[in-house]
Amino acid sequence: MKININIDKTCAETEITINCAVMSDELEKVIAGLRALDFKLTGTKDGQTHILDASQILYIDTVDKKTFLYAKTAVYETNLRLYELEENLSMSDFFRAGKSSIINFNKIKSLKSDIDGRIIVVMENNERLIVSRQYAEFIKNKLGRA
């Protein structure tokens, strides 16, 4: 892979152009990472609204009809519903892990098979989450084990 960077002080906005013969899995990962870096979410904490890069989010969870964004050291509440977040993040490495949660694949530290086809994931902040059997296929595909 060849990388060219052109620094131009007259450039109003950073633009990334990818030239390739075919779209590969490696290239799709690069593109997903770039999209996640550029996508912003808002969440409230202690009465203040915070603007967060999607790449900062470890996982998203819904409890009692409220949706929360979990970062490494803080939790933010958002007004968006889980299905809206799933749609917005569909082009990045976020995936549905259960009826009430979405996980950022890039923030998984380790994983282990569990009973009934479930997967236990350990996030960067050492929290353990369960990926239900229904959604475990995503991880298996990502790891090339399908």
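Among contacts with a separation of 6 or more, 36% join residues 24 or more positions apart. The model is predicted. Buried residues make up 32% of the 146 residues. The C-alpha atoms fill a box of roughly 50 × 45 × 25 Å along the principal axes. The chain exposes about 10,400 Å². Carbon and sulfur atoms supply 48% of that area.

The secondary structure comprises 3 helices and 10 strands. Along the sequence the order is α-β-β-β-β-β-α-β-β-β-β-β-α. Helix H1 covers residues 25-38. Strand E3 spans 59-63 and strand E4 spans 66-70, with a loop between them. Strand E5 runs over residues 75-78. Helix H2 takes up residues 82-88, and strand E6 takes up residues 94-98. Strand E8 covers residues 108-113.

Charged side chains were examined next. The protein chain has 21 positive and 21 negative side chains. The centres of the two sets lie 6 Å apart. Side chains of opposite charge can pair when their charged atoms come close. The count of salt bridges comes to 4.

One of these salt bridges joins Lys 40 and Asp 53, with an N to O distance of 2.2 Å. Lys 40 is partly exposed, at a relative accessible area of 45%. Asp 53 is also partly exposed, at 24%.

Another salt bridge is made by the side chains of Arg 96 and Glu 86, at 3.0 Å from N to O. This pair links distant parts of the chain, with Arg 96 in strand E6 and Glu 86 in helix H2. The two residues are 10 positions apart. Arg 96 counts as buried because its relative accessibility is 14%, under the 20% limit. Glu 86 is partly exposed, at 32%.

A further salt bridge connects Asp 114 and Arg 118. Its N to O distance is 2.9 Å. Both ends are partly exposed: Asp 114 has a relative accessibility of 25%, and Arg 118 has a relative accessible area of 29%.

Two surface patches were examined. Lys 72, Lys 109, Lys 112 and Arg 128 form a positive patch. Of these, Lys 112 sits in strand E8. Lys 112 is exposed, with a relative accessible area of 59%. A nonpolar patch of about 900 Å² is made by Met 1, Ile 3, Ile 5, Ile 7, Ile 16, Ile 18, Val 30 and Leu 34. Leu 34 lies in helix H1. Its relative accessible area is 33%, so Leu 34 is partly exposed.

Asp 64 is not a glycine, yet its phi is positive, at about 50°. Lys 65 is found in the loop between E3 and E4 as well. Lys 65 also has a positive phi, of about 65°, and is not a glycine. Both residues face outward in terms of accessibility: Asp 64 counts as exposed at 70%, and Lys 65 is exposed at 77%.

Thr 78 is found in strand E5. Its relative accessible area is 7%, so Thr 78 is buried. Beyond residues up to four places away in sequence, Thr 78 touches Thr 42, Thr 67, Leu 69 and Leu 85. The C-alpha atoms of Thr 78 and Ile 60 are separated by 9.7 Å. Those two residues stand 18 residues apart along the chain.

How values were computed
Residues are numbered from 1 along each chain as its sequence is written. This is a predicted model: local features need pLDDT of at least 70, side-chain atom pairs count only at pLDDT 80 or more; totals for chains, interfaces and linings use all residues. Side-chain values use heavy atoms; hydrogens and water are left out. Patches are made of residues with over 30% relative accessible area and no salt bridge: like charges are joined within 9 Å, nonpolar side chains (Val, Leu, Ile, Met, Phe, Trp, Tyr) within 5 Å. Accessible areas come from the Shrake-Rupley method with a 1.4 Å probe; for residues, only the protein chains shown count as cover. Lys and Arg count as positive and Asp and Glu as negative; His and the chain ends are not counted. The place of a charge is taken as NZ of Lys, CZ of Arg, CG of Asp or CD of Glu. Helices (H or I, at least four residues) and strands (E, at least two) are DSSP runs, numbered from the N terminus. Buried means under 20% relative accessible area, exposed over 50%, partly exposed in between (1.4 Å probe, protein chains only). Contact means heavy atoms within 4.5 Å.
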